[in-house]
Amino acid sequence: MKLITAPHLVCVLAVIGTLASLSFAEIGGRSGRSKTFNGTATVGNGECRFSISLEPVSFAVNSVAGKYKLVEVSIENRGTTPLVLSSDQDHFDAVINGQVVPAVLSLQRADSVLWDSYSISTRKDLAYPLRVGAAMAAVGGRDIVAEYMSMFVFLPADRVSGIPTEFRYTIASLGTTVTLRQPPATAQ
Amino acid sequence: MLSRAWDLLIGWLKSRQYWASIEPFVIIALGWGGAQLLSFEWISAASPFKPSIALFLGSYMSHWISIGAMGLAALTLLFRSRPNIPLRESASKFRMFWSANRRLIIYRGVGTTLIFAIVALGIHVYAPSRVSHITVRFMDLDSDVTPEGLAYLIYEINRLQQNWYFEINFDPFNQEEFTSGQVARCRDDTRPKLCQAEILAMGQPFIGITAQPLGGALFAEHRGAVSVITTAEQPVYAPLTSYEYLAYCLILQGMSIHLDAEGGLPKDAFSSDKLSHGGFFQFLPYKQAVKSSILAARLTPEEEMLLLNRFGRDYVATCANLLTMDWLYSDRVKGNFERVFKAKLER
């Protein structure tokens, strides 16, 4: 005599699936809370888009060695010339509670002890890039294939008193400051 | 005429009393000569590399044949000699033969083992070495060279290789990745780009390509298993394109790295000299002559000998072929460069 028949098995699987989705819903219950900041600049004859996504809880809780808040900046170059960057000459600031907090672009120079403690691959990931490649015209010249890159900047944790409301990114090669703001609420 | 003289010589030798003693050695000597001749013909027929007789006689293959012949002669001598050990005839079984001739068997057994060991050692000493792959990284490139164009050039070089190749690491180079100690070390180094390349190499054979000027050299620097090539002197090698220049430099630096790894790079390689005959490892006393070196690139007989004995026939054949640059100016490669990478290569 069979103890488990096909209808039983379907029911059991359905219950497990429901429970699993409930537990996932609990873990992912904070979805939609991330804050996104966007900005654009003109690079050559195209546009370069910058964006930052911050999850307030993890931003408040997490830090690098207890000294820095890590912010990831995504860059999408849709211009047909490369975007040249320089950790010497570029500046990145966060506006927090009305205060301007300058970020560290080169941990190698600003905190060599911490920097030297990282592995080669981590340093490679965290290093300030030299350039973002140019977009390429797709076949037929009707569209372009953008170049993507993400980079990290470090905000001194002792000066971060809340969630940033705005970021200002000065790129020396463009001679301009890009302001990254949250989109208006109606657009979210 | 020649065969008659030969017959006369052999006939005369056969009439001598000592002929029986020297006969096997004459046969071995004739075999040695025949093997040398056959090998020379084979190497000339089997690859584009055509060595001269003198070059062949100095090569590892000729040495192998000589070592083999000497081993054979030593074995013959061993089995013909019987120092105070009489051979006792024994029609009975193996054990009786062994007990009757033990000393002679041991003498010949030990002698044979020794001769084989010496021959094996000799062959090993003269054997060419295996060469390693070399990683190429674009540290920073000038606007007239694209990574994809340079990658194509390197892949074409690899197509002609049999035993080794250039591997490209496409990771963009960023000095920000270095530790503060590495940055300080290269800042104080008289050859900063070579220093950076050494760090990137992580102990492996490596060639870095940069558009920045080097510390002391105009075109390339080399130390141990690492080289760095610069295109900063582009006006000097113009109207040649950077692709032609880099093809030449990559082949040269590849050979330098392989030779250095084997301790075979000539001591006077690239050392300052006012005279130049266009040799591959020669210093260029007049920088504009780099164009002349590229266009008339060749291996001298000494360089051929060096590479042949270090790395074998295939290696020297490939290098000689690469240096002609005929492959670069073939319709297929030239056409691809013009159509895809917008670079016009003309001879």
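The crossing of H2(B) and H4(B) is right-handed in this predicted model. Helix H2 of chain B covers residues 19-46 and helix H4 of chain B covers residues 60-80; their axes come within 10 Å and cross at roughly 165°. An angle over 145 degrees counts as roughly antiparallel, and H2(B) and H4(B) are therefore roughly antiparallel to each other.

Which residues of H2(B) and H4(B) meet? From H2(B) come B:Pro24, B:Phe25, B:Ile28, B:Gly31, B:Trp32, B:Ala35, B:Gln36, B:Ser39 and B:Ile43. Facing them in H4(B) are B:Met61, B:Ser62, B:Ile65, B:Ser66, B:Ala69, B:Leu72, B:Ala73 and B:Thr76. Sorted by class, this contact of H2(B) with H4(B) holds 11 nonpolar, 6 polar and no charged residues.

H4(B) also has helix H5 of chain B (residues 94-126) as a partner, packing at an angle of about 175° with the axes 9 Å apart. That angle makes H4(B) roughly antiparallel to H5(B). On the H4(B) side, the contact uses B:Tyr60, B:His63, B:Trp64, B:Ile67, B:Gly68, B:Gly71, B:Ala74, B:Leu75, B:Leu78 and B:Phe79. H5(B) answers with B:Arg108, B:Gly111, B:Thr112, B:Ile115, B:Val119, B:Gly122, B:Ile123 and B:Tyr126. The contact of H4(B) with H5(B) divides into 11 nonpolar, 6 polar and 1 charged residues.

Further along chain B, helix H6 (residues 147-159) packs with helix H10 (residues 242-261) at an angle of about 45°, the axes being 11 Å apart. This makes H6(B) oblique to H10(B), and their crossing is right-handed. B:Gly149, B:Leu150, B:Leu153 and B:Ile157 make the contact from H6(B), while B:Tyr243, B:Leu246, B:Ala247 and B:Leu250 make it from H10(B). By class there are 7 nonpolar, 1 polar and no charged residues between H6(B) and H10(B).

| Helix pair | Angle | Axis distance |
|---|---|---|
| H2(B) and H4(B) | roughly 165° | within 10 Å |
| H4(B) and H5(B) | about 175° | 9 Å |
| H6(B) and H10(B) | about 45° | 11 Å |

Now for the domains. Chain B is assigned domain 1 (2-126) and domain 2 (134-340). The C-alpha centres of these two domains of chain B lie 46 Å apart.

Two backbone details are worth a look. Most residues other than glycine have a negative phi, and most peptide bonds are trans. In chain B, a cis peptide bond joins B:Ala238 and B:Pro239, with omega about 10°. B:Pro239 lies in the loop between helix H9 (234-237) and H10 of chain B. In chain A, A:Asn97 has a positive phi, near 50°, and is a residue other than glycine. You will find A:Asn97 in the loop between strand E5 (91-96) and strand E6 (99-102) of chain A.

Where do the chains meet? Contact is made by 12 residues of chain A and 9 residues of chain B. On the chain A side, helix H4 (112-116) and helix H5 (120-126) are the elements that give two or more residues. H4(A) gives the most, with 3 residues. The chain A side that touches chain B divides into 5 nonpolar, 4 polar and 3 charged residues.

Finally, a word on confidence. The predictor gives the complex an ipTM of 0.72 and a pTM of 0.75. Chain B averages a pLDDT of 86, with 91% of the residues scoring at least 70. For chain A the mean pLDDT is 84, and 78% of its residues reach 70 or more. Residues 17-26 of chain A have a pLDDT below 50, and beyond near neighbours in sequence this stretch has 0 contacts in the model.

Technical notes: Residues are numbered from 1 along each chain as its sequence is written. Chains are lettered from A and ligands numbered from 1 in the order in which they are written. This is a predicted model: local features need pLDDT of at least 70, side-chain atom pairs count only at pLDDT 80 or more; totals for chains, interfaces and linings use all residues. Two residues are in contact if their C-beta atoms, placed from the backbone, lie within 7 Å. Helices (H or I, at least four residues) and strands (E, at least two) are DSSP runs, numbered from the N terminus. Ala, Val, Leu, Ile, Met, Phe, Trp, Tyr, Cys and Pro count as nonpolar, Asp, Glu, Lys and Arg as charged, and the others, Gly among them, as polar. Axes are lines fitted to C-alpha atoms, for helices over the stretch in contact, and angles run from 0 to 180 degrees between N-to-C directions. Angles under 35 degrees count as roughly parallel, over 145 as roughly antiparallel, 65 to 115 as roughly perpendicular and the rest as oblique. A crossing is left-handed if the near helix is turned anticlockwise from the far one by less than a right angle, and right-handed if clockwise. Domain bounds come from an automatic or database domain assignment. pLDDT is the predictor's confidence in each residue, from 0 to 100.
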